[in-house]
Amino acid sequence: MPSSCKEIRAALAQCLQESECVMIQRNSAADCLRPPLYDELPTKCQQLKRGYADCRRGMVDMRKRFRGNQPATLQKIKKTEEAGDGYQLYAGKSAFAGARGETDGNNQAPKDWRELENEKYRKENSGNNTTKS
């Protein structure tokens, strides 16, 4: 197997070996990757499986034949976990890394551009209305 997918494959194997499906229920790793046991795997293992499938698919994708396959490496995944950005693969990067910020539901939503324009228009007109009276 080419070296581009080895790292994520090893991470998937490690995740499966540490999962409850293999350790406690004593299923094989291959069985854990198939439904209905797949749904019981931790989210990290499910995402690694998806990333590995995308990596394998990228090896035969003719659109990537010049640039080469660029899968998500385990180092990128570890960095996002350590930073606390969350782990979800999207184009080889964490989907939540570099987001706007943490939200707990109590923050005020940013004003829409139309609201800002309306406020500016009202301020301009309120200044003009006082001079006409």
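C5 and C55 form a disulfide, with their sulfur atoms 1.9 Å apart; the term is used here for a pair of cysteine sulfur atoms within 2.5 Å. The pair links distant parts of the chain, since C5 lies in the segment before α1 (6-18) and C55 in helix α4 (residues 43-60), 50 residues apart. Helices (H or I, at least four residues) are DSSP runs, numbered from the N terminus. The torsion about the S-S bond is -95 degrees, and the link of C5 and C55 is left-handed. Both C5 and C55 are buried, where buried means under 20% relative accessible area, exposed over 50%, and partly exposed in between (1.4 Å probe, protein chains only).

The model is predicted: local features need pLDDT of at least 70, side-chain atom pairs count only at pLDDT 80 or more, and totals for chains, interfaces and linings use all residues. Residues are numbered from 1 along each chain as its sequence is written, and side-chain values use heavy atoms, with hydrogens and water left out.

In general, a disulfide is a covalent bond between the sulfur atoms of two cysteines. The structure holds three disulfides. Another of them is formed by C15 and C45, whose sulfur atoms are 1.8 Å apart. This pair also links distant parts of the chain, with C15 in helix α1 and C45 in helix α4, 30 residues apart. The disulfide of C15 and C45 is left-handed because the torsion about its S-S bond is about -95 degrees. C15 has a relative accessible area of 11% and is therefore buried, and C45 counts as buried because its relative accessibility is 0%.

C21 and C32 form a disulfide as well, their sulfur atoms 2.0 Å apart. The pair links distant parts of the chain: C21 belongs to helix α2 (residues 20-23) and C32 to helix α3 (residues 29-32), 11 residues apart. About the S-S bond of C21 and C32 the torsion is about -95 degrees, so this disulfide is left-handed. C21 and C32 are both buried. When bonded cysteines are counted along the chain, the disulfides follow the pattern 1-6, 2-5, 3-4.

The backbone also deserves attention. Most residues other than glycine have a negative phi, and most peptide bonds are trans. In the loop between α2 and α3, R26 has a positive phi, near 60 degrees, although this residue is not glycine. R26 is exposed because its relative accessible area is 68%. A cis peptide bond joins P35 and P36, with omega about 5 degrees. P36 is found in the loop between α3 and α4.

Notes. Helices (H or I, at least four residues) and strands (E, at least two) are DSSP runs, numbered from the N terminus.
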